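Q: Could you walk me through this structure, feature by feature? I would like the general idea each time, then the case at hand.

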Amino acid sequence: MGIDEGFDMVPRLGLGAEDTHNWALFIELVKGLYADDDLVEVKDHFIDFKVGEHPTLPLHGPQFLRFSSKISGRIACETGVERYIRTVRRLAAGIFGSRIHFWTELAEQFGFYDWRDVHDTQKNFWEGNSGLAATRFANDDDDYPSKILNDRLYEILEIPGRGRGVVARCNIKRGTRVLCETPLLVVANMNPEVLNGVVASKLRSLSKEQQVQFLSLHNNFPGRHAFAGIVRTNALPCGSGAQTGGVYPEICLINHSCRPNCHNSWNETADVGRETIHTIRDILAGEELTISYDKGGPSEIRQAGLKAAFGFDCTCDLCSLPAPELQASDARLRLIQSLDEQIGDPMTMMNRPLSSLHACRRLLDALREEFPDPYVDRVAISIALIPRLYYDAFQVVVAHGDQARGRVFAERAYSARVECEGEDSPATQQVKRLMQEPASHKSCGAYGTKWRSSKTAQPNKETVGEEAFEKWLWRL
């Protein structure tokens, strides 16, 4: 069988400016070092090391997971593959630091990634395909991810410049619940001195392990009230608009992105409150799981809020866009805020419902452009605004008696809510009931019946086609 050795990139590289620059620098260093080596060939899409099992480096950084080969056997020894692996690893570590995970089966160490994911990415760049979409996901097969990785879909790792973070160990499908935790403690919003005493009292009732988990969390407010600082830095609200917040051992380790790939929500069922984390787009093995700490808006508002509350300057893929693209993003985000406010105006909904409905459609288009799913064309990632948008559209049409369109919007709100909160979320269950009986909503017909229709009066989508159906739905 032979002995494998190599290194993995964890977390994998993203599309942001810093990762792109660093990978380009690394590739140029490799090219320079081996410029006169006949065993290293630069091809159109990758660098081929004609030693051992031909380890390769893609020219497109996000496709790189592993550089490795068998280091035992006649060919490995004759070509000196082990020397190449260790030299390239040192170059990579000089640029990417602790993201480079060296492993060798000589010491019974194994790589971070499932071999099937490694082979899939290699096949892509060997064939000149720059795509990143996954071909398998967790729970598709009993043996994926590999048992070497254990049954968890994520791992907690130290990430350069970001402290501890949560990284996907395998490809995870959009809408998957990856974490569900009850809080270590729940506290109300109060001044730091009082809060510190309340937290100190609650800590005494926790186990030693739980106390260590709490005390190991980041504190952006060091000083006399350290316990309060940890809560202020990490607590997540126990529901929308809640005056209480919960602190969690693992969920609080998930780092921020202004364009996140996960959504956190408070789920209170059967009197048991839990925080859940759902993927809002497909996540590839090696990607860091992220949620949004900010309240949205253009970059200058986000940056100021994050700096004040958490003490960091955001360098996520969105914030590190080139200036023209960032300005375009800011313009879309201002439009999104404006449309969201317009949709919430009850007078417009009552007197000019078509304007409210069309504002919902414009908001959907803006969200698709600003938060695109990287693997599905013309679809937005399932941020919380999506189910809320469809629920707003439901309220507009139902308030004027239109149950047919109301049912469709409720169905879409339900599907989006399942993706970002789960089937057992109270909000999901509520919109599911409205999907079944649109007339049960308290505002049904409250503003008139000029759009009156039965819940089954929709045209057949397969018969009329998707474009015509959408025009009917949005009254275009």
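**Reading the model**

A: Start with helix α4, where the cover over its buried residues includes β3 (46-49), β4 (56-58) and β5 (66-70). Contact here means heavy atoms within 4.5 Å. Helices (H or I, at least four residues) and strands (E, at least two) are DSSP runs, numbered from the N terminus. The model is predicted: local features need pLDDT of at least 70, side-chain atom pairs count only at pLDDT 80 or more, and totals for chains, interfaces and linings use all residues. Residues are numbered from 1 along each chain as its sequence is written, and side-chain values use heavy atoms, with hydrogens and water left out.

Q: Which residues of α4 are buried?

A: Buried means under 20% relative accessible area, exposed over 50%, partly exposed in between (1.4 Å probe, protein chains only). In α4, the buried residues are D117, V118, T121, Q122, N124 and F125. Viewed down the helix axis, they fall within an arc of 155°, so they line one face of α4. That arc is taken from the directions from the helix axis to the C-beta atoms.

Q: What span does α4 reach from its first C-alpha to its last?

A: The expected span of a helix is 1.5 Å times one less than its number of residues. Helix α4 (residues 115-126) has 12 residues and reaches 16 Å, close to the 16 Å expected. Just after α4, G128 takes a positive phi of about 80°.

Q: Which residues touch the most other members of the largest nonpolar core?

A: A nonpolar core is a set of buried Ala, Val, Leu, Ile, Met, Phe, Trp, Tyr and Cys residues joined through side-chain atoms within 4.5 Å. The largest one has 42 residues, and I336, L367, I383, I386, Y390, F409 and W474 touch the most other members. Helix α12 gives the largest share, nine residues. Y390 touches L364, F409, R412, A413 and W474, leaving aside residues up to four places away in sequence. Another core, of 36 residues, lies apart from it; L203, L206, L217 and V247 are among its members.

Q: Which residues have a positive phi although they are not glycines?

A: H54 is one, with a phi of about 60°. H54 sits in the loop between β3 and β4, and counts as partly exposed because its relative accessibility is 36%. R475 is another, at about 55°. R475 lies in the segment after α16, and its 25% relative accessibility also makes it partly exposed.

Q: Where is there a cis peptide bond?

A: Look at V10 and P11, where omega is about -10°. P11 lies in the loop between β1 (4-9) and α1 (17-33).
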